[in-house]
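The sequence and the structure come first, and the description follows.

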Amino acid sequence: MLQSLCLCVIRRNPTHEMVSSLTPIYKEVGTLIAHKLALKMRYSSISLYIIFAINTSIIMDINSSPYSLSNDTAYQHWREKKLLNFTSNINHLFVDIDNEIAPKASETNKLLALVNKYNMGLYRFKKPDSKPANNKHKVPQFAHFFGLNKLDNNLCADDDKLTSITVCKHEGQHQYIPYSDKRLSWHTDGYYNTPEQQINGFILHCERPALAGGESLVFDHELAYILLRDENPDYIRAFMQSDAMTIPANILNGKEIRAAQTGPVFSLHPTGALHMRYSARTRNIEWQQDSATLEAVEFLQQLWKNGSPYILRYTLQAHEGLICNNILHCRTGFEDSDDPQNKRLLYRGRYFDRIHA
Ligand SMILES: [Fe+2]
């Protein structure tokens, strides 16, 4: 019960300050419950100890988090390791998969190790099916091996909750850039989702690339955190405000199909991992109007404009894909085939889960 309470608090109070201020209260509540339970469960002291230890470890994790602005030692240690691990060689991120619905442990372990280091990994299916529908069916089966199970049934998703990203003008999709051949600006997925339905992981699988262009640019959001914090820790404080960014309601033909969503840019997942909610769009985003937030927004805009050695670029080829903890990404514009059978086609699965073994 206490664990649920703690998780609830972490989800609903994304700033370190708020979590830190609540920690003593929850420690006291935890102690109180532990004493009461101990009286009632004289013969269950071992299980009680385990429950209490788990709950305490959650609290301890927050206090020792590198994302805590009051813990510079933990931050510097984590930062050094993170920057040392960075690779700009895209080939280092690739894992070949022999059988996508029954991958070898060596293959999944390699991909998981990449995600642990870089929040992303790239894969290549070695024996794809000749029918696109069969390949699509295997994408969520493959994702399942990485702990990705709970799919977000977003507005443009197909019946199987995967989204076919291709140039189209279906009703409800015509106004969205992802379903055009235009450039798509930097974002994390589902930034307009409710706080309870944040996207923590996604898989992007290429069935057919474009004739030209359609390159993906990716940027580990933990590196974005480092650049922002090194520039000015107030940027982190601003981006962790619970009302840092508001996405106005989505109105289609006079009908509200999604309510406005307000939330932080950076928050902590219950595991203690960093989550980012962001869009570089300049229209239809309402930023908190304080100087630190606006400067942090401009800092990222300059980063996209001027580039960074930490930005990786790659054009997914047929039967290749990206699996990640909802990192920052964007897409260049592209030239598509006139033949409907040869149009650029990618399958995307957005998950509420983070990637885990
Ligand atoms: Fe996206």
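## Terms and model

Two strands count as paired if DSSP finds at least two bridges between them. Helices (H or I, at least four residues) and strands (E, at least two) are DSSP runs, numbered from the N terminus.

The model is predicted: local features need pLDDT of at least 70, side-chain atom pairs count only at pLDDT 80 or more, and totals for chains, interfaces and linings use all residues. Residue numbers start from 1 along each chain, as its sequence is written.

## Confidence

The average pLDDT (the predictor's confidence in each residue, from 0 to 100) is 86 for the protein, and 80% of the residues score at least 70. Over residues 1-35 the pLDDT stays under 50, and the model has 46 contacts for them beyond four places in sequence. A contact requires that the C-beta atoms of two residues, placed from the backbone, lie within 7 Å. Residues 37-60 also have a pLDDT below 50, with 18 contacts in the model beyond near neighbours in sequence.

Four strands make an open sheet with antiparallel pairing, in the order 4-17-7-15. Strand 4 (184-187) and strand 15 (312-314) are at the edges; each has a single partner strand, so one side of each lacks a neighbour in the sheet. From one strand to the next the twist averages 15°, where axes are lines fitted to C-alpha atoms (for helices over the stretch in contact) and angles run from 0 to 180 degrees between N-to-C directions.

Strand 7 (residues 216-219) and strand 17 (residues 328-331) run antiparallel and are joined by four bridges. Ser 216 lies opposite Arg 331 of strand 17.

Strand 8 (residues 245-247) is joined to strand 11 by three bridges, and the two run antiparallel. Within this pair, Ile 247 stands opposite Gln 261.

## Helix 9

Helix 9 (residues 291-306) has 16 residues and spans 22 Å from its first C-alpha to its last, close to the 22 Å expected at 1.5 Å a residue; the expected span is 1.5 Å times one less than the number of residues. Its buried residues are Thr 293, Ala 296, Val 297, Leu 300 and Leu 303. Seen down the helix axis, they fall within an arc of 115°, so they line one face of helix 9. The arc is that of the directions from the helix axis to the C-beta atoms.

A residue is buried if 20 or more other C-beta atoms lie within 10 Å of its own, exposed if 12 or fewer, and partly exposed in between, with C-beta atoms placed from the backbone. The buried residues of helix 9 pack against helix 7 (221-231), helix 8 (233-239) and strand 14 (286-287). Exposed residues on the other side are Ser 291, Glu 298, Gln 302, Lys 305 and Asn 306.

## Two loop positions

Arg 344 is in the loop between strand 18 (334-335) and strand 19 (345-351). Arg 344 is buried, because 21 other C-beta atoms lie within 10 Å.

Ser 180 is in the loop between strand 3 (163-165) and strand 4. Ser 180 has 17 C-beta neighbours inside 10 Å and therefore counts as partly exposed.
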